[in-house]
Amino acid sequence: GRNLVSVQDAPRASTGSSKVDLESGATLEIDLGGGIVETGGRVIKDSAALESLLEEMEMILLEADMGIDAIDTVLNLLRAELIGSRLRKGANLAKVLEASLKRALRSLLRAGYWDLDETVNRLSKSEDGPVVLMVVGVNGVGKTTSVAKMAHRFTQEGHEVVLAAADTFRAGAIDQLQMHANRLNVRCVRSQRGGDPAAIARDAIDSAKARGADVVIVDTAGRMQNKTNLMEELRKVHRVSDPHLVLFVADALAGNDAIEQAVVFQKVLDFDGFFLCKLDTAKGGAALSIAHITGRPIVMVGVGQGYEDLHPFDPDWLLEEMFR
Ligand SMILES: Nc1nc2c(ncn2[C@@H]2O[C@H](COP(=O)(O)OP(=O)(O)O)[C@@H](O)[C@H]2O)c(=O)[nH]1
Ligand SMILES: [Mg+2]
């Protein structure tokens with residue numbers, strides 16, 4: 001593969017780094033690294049050579065499913081910083097650019113990051129009732145699977161978990177969650193198909209309170225064909241269950257669609273962070289775009305269908321996958 005430029009070992013630029021606050025609230029840190037000097041060297045100009053390097057980077061990012069808006073933002077900021085800077089004698093512009101780009105992407109992915117396990121542990125200690133998590137996203141992205149993976153994860157951490165089958169639109173969805181609950185030996189609160197999702201969420205919370213359970217995870221529906229109804233339904237579930245955390249689930253395979261979905265859900269629910277699932281089958285550039293456009297961090301990744309296939313997000317791992 002490509003000759004990877006490691007992000008960690010490049011020294012900071014003698015000219016320092018600059019922080020850029022994006023409209024969404026996300027931040028980008030531009031640090032050109034040790035290849036750039038204060039004096040001497042040669043001034044980098046807006047040349048054909050620089051443009052062709054930027055184009056090469058653009059191709060890599062496009063192939064990794066990063067959306068064009070986020071790519072433009074990052075590359076334009078980098079270009080602006082590079083032009084007029086001084087390249088240290090003997091330094092390689094391509095390497096300086098690649099390392100700077102990776103640092104910028106890493107800063108975007110790290111901005112606002114919070115640890116799911118720690119957050120749930122902390123909330124569980126400080127709150128009287130159960131910690132309530134609401135999971136949202138369109139059909140088929142991996143919500144129910146992620147709910148089951150979290151139930152497994154939290155159970156292993158010693159929490160008692162109750163699931164709420166608030167996707168009552170399809171009977172299959174209720175059975176799917178119940179099946180996971182049986183396997184994981186956790187309680188699942190459910191209704192008949194067509195039941196009121198908000199009532200299910202409330203029942204699950206009441207049940208958790210009665211049992212002294214620590215965590216309630218609310219699975220929800222995601223049919224986008226009927227967007228307005230779905231959003232109304234989700235708003236109601238949100239109002240009634242007043243969750244501590246709202247988690248948006250995106251499918252890495254969905255590419256640009258995942259980015260659009262994030263915008264739609266962000267408007268209605270202002271989620272706290274997102275999961276990117278199916279990273280075992282796709283590159284994860286969508287994560288950068290979602291972080292860029294919503295200002296929310298990716299907190300967990302799904303890398304398979306097993307209960308163990310959910311990991312805290314590691315920016316360096318994603319960047320290596322993208323640039324491989
Ligand atoms: N390969 C892979 N498949 C996944 C992952 N997460 C979910 N799936 C599969 O994607 C399909 C839809 O998942 P589901 O949880 O039902 O999505 P939902 O409609 O959002 O609840 C199922 O077949 C899951 O097994 C993942 O991280 N990797
Ligand atoms: Mg589901």
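Helices (H or I, at least four residues) and strands (E, at least two) are DSSP runs, numbered from the N terminus. The structure shown is a predicted model, in which local features need pLDDT of at least 70 and side-chain atom pairs count only at pLDDT 80 or more, while totals for chains, interfaces and linings use all residues. Residues are numbered from 1 along each chain as its sequence is written, and side-chain values use heavy atoms, with hydrogens and water left out.

**View 1. Helix H2 and the glycine that follows.** Helix H2, residues 68-82, has 15 residues and reaches 20 Å from its first C-alpha to its last, close to the 21 Å expected at 1.5 Å a residue (1.5 Å times one less than the number of residues). Just after H2, glycine 84 takes a positive phi of about 95°.

View 2. Ala70, Ile71, Val74, Leu75, Leu78 and Leu82 of H2 are buried (under 20% relative accessible area, with exposed over 50% and partly exposed in between, for a 1.4 Å probe and protein chains only). Seen down the axis of H2, these buried residues fall within an arc of 115°, so they line one face of the helix (the arc is that of the directions from the helix axis to the C-beta atoms). The face turned away from the buried side carries the exposed residues Asp69 and Ala80.

**View 3. The cover over H2.** Among the elements that cover the buried residues of H2 are strand S2 (27-31), strand S3 (36-37), helix H1 (48-63), helix H3 (93-110) and helix H10 (285-294), where contact means heavy atoms within 4.5 Å.

Note on methods:
Chains are lettered from A and ligands numbered from 1 in the order in which they are written.
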